[in-house]
Amino acid sequence: MSEKRQNTEKAEMTEKAEKAKKAGRKEDPTFEVQLTADDMYKFHLYHTYSHVNGIISLLIGVIAIVAGFWNLAQGGTTYAAMYLVIGVMLLVYQPIFLKTSAKKQVSATEVLKHPITYTFREDGVLVHTPLKLPGQKHSASGTDALLTWKMIGKAVLNKNQLLLYAGKSGAYIIPRQLLGDQEEDVKTILRAHLGKKQLKL
């Protein structure tokens, strides 16, 4: 290896180290995620019940159950049955439906059957899958796709997951437990590249 090339590589390594030092971390936070049906179910629960429509459905369900038992106590069995059915549909059936849908989604989506690696970088989040997907940039180990910061509409960190929304209803899911001691590094990166209105940390 020529001296010039050695000096160039040394300079590149030094520059990268300086950037990492300024960011308060040694390397880009990287997480390998093997998404499960339970992870998808938790996402669907959050996405459904964190919005106005989901909250309203919960309130209606509770009111219907209360009204059903009240009518039952008053002897109005017909109305009681009707209210109780509505309450059960909203409070019991909906979560069961979401759980079933999550299981089917994971089992039917080929890319979710394999681990997905997320690397948080200055230019965005690099998403890697071992599958060679059509229309994407391939590497020797699979497919790489860069999720630029402009493509991320919202980032949410709830008690179970870090969600990177690239649309209104779809999100990249990283279980919170995987963040470990790199959670603060991830928060720092997100705050540096996304606006306050885009963050819910």
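Glu-183 touches Leu-157 and Arg-176, leaving out residues up to four places away in sequence. Glu-183 belongs to helix H5, which spans residues 183-193. Is Glu-183 buried or exposed? Its relative accessibility is 14%, so Glu-183 counts as buried, because the cut-off for buried is under 20%. All of this comes from a predicted model.

Leu-157 and Arg-176 also turn up around another residue, Leu-162. Neighbours within four places in sequence are again left aside. Leu-162 then contacts Leu-157 and Arg-176, and also Phe-120, Val-156, Tyr-172, Ile-173, Ile-174, Leu-179, Val-186 and Leu-190.

Leu-162 is part of the largest nonpolar core, which has 35 residues. Which members touch the most other members? They are Phe-120, Val-125, Leu-162 and Leu-190. Helix H2, residues 37-49, gives the largest share of this core, with 5 residues. In soluble globular proteins, nonpolar side chains tend to be buried together.

Now the whole protein. Read along the sequence, its elements run α-β-α-α-α-β-β-β-β-β-β-β-α-β. The table gives the overall values.

| Feature of the protein | Value |
|---|---|
| Helices and strands | 5 helices, 9 strands |
| Buried residues | 32% of the 201 residues |
| Accessible surface | about 12900 Å² |
| Share of that surface from carbon and sulfur atoms | 60% |

How much of the contact set links residues 24 or more positions apart? Among contacts with a separation of 6 or more, such pairs account for 54%.

Methods. Residues numbered from 1 in each chain as written. Predicted model: local features only at pLDDT ≥ 70, side-chain atom pairs only at ≥ 80, totals over all residues. Heavy atoms only, no water. Helix = DSSP H or I, 4+ residues; strand = E, 2+ residues; numbered from the N terminus. Buried < 20%, exposed > 50% of the residue type's maximum accessible area, 1.4 Å probe, protein only. Contact = heavy atoms within 4.5 Å. Areas by Shrake-Rupley, 256 points an atom, 1.4 Å probe, with all protein chains shown as cover. Core = buried A, V, L, I, M, F, W, Y, C linked by side-chain atoms within 4.5 Å.
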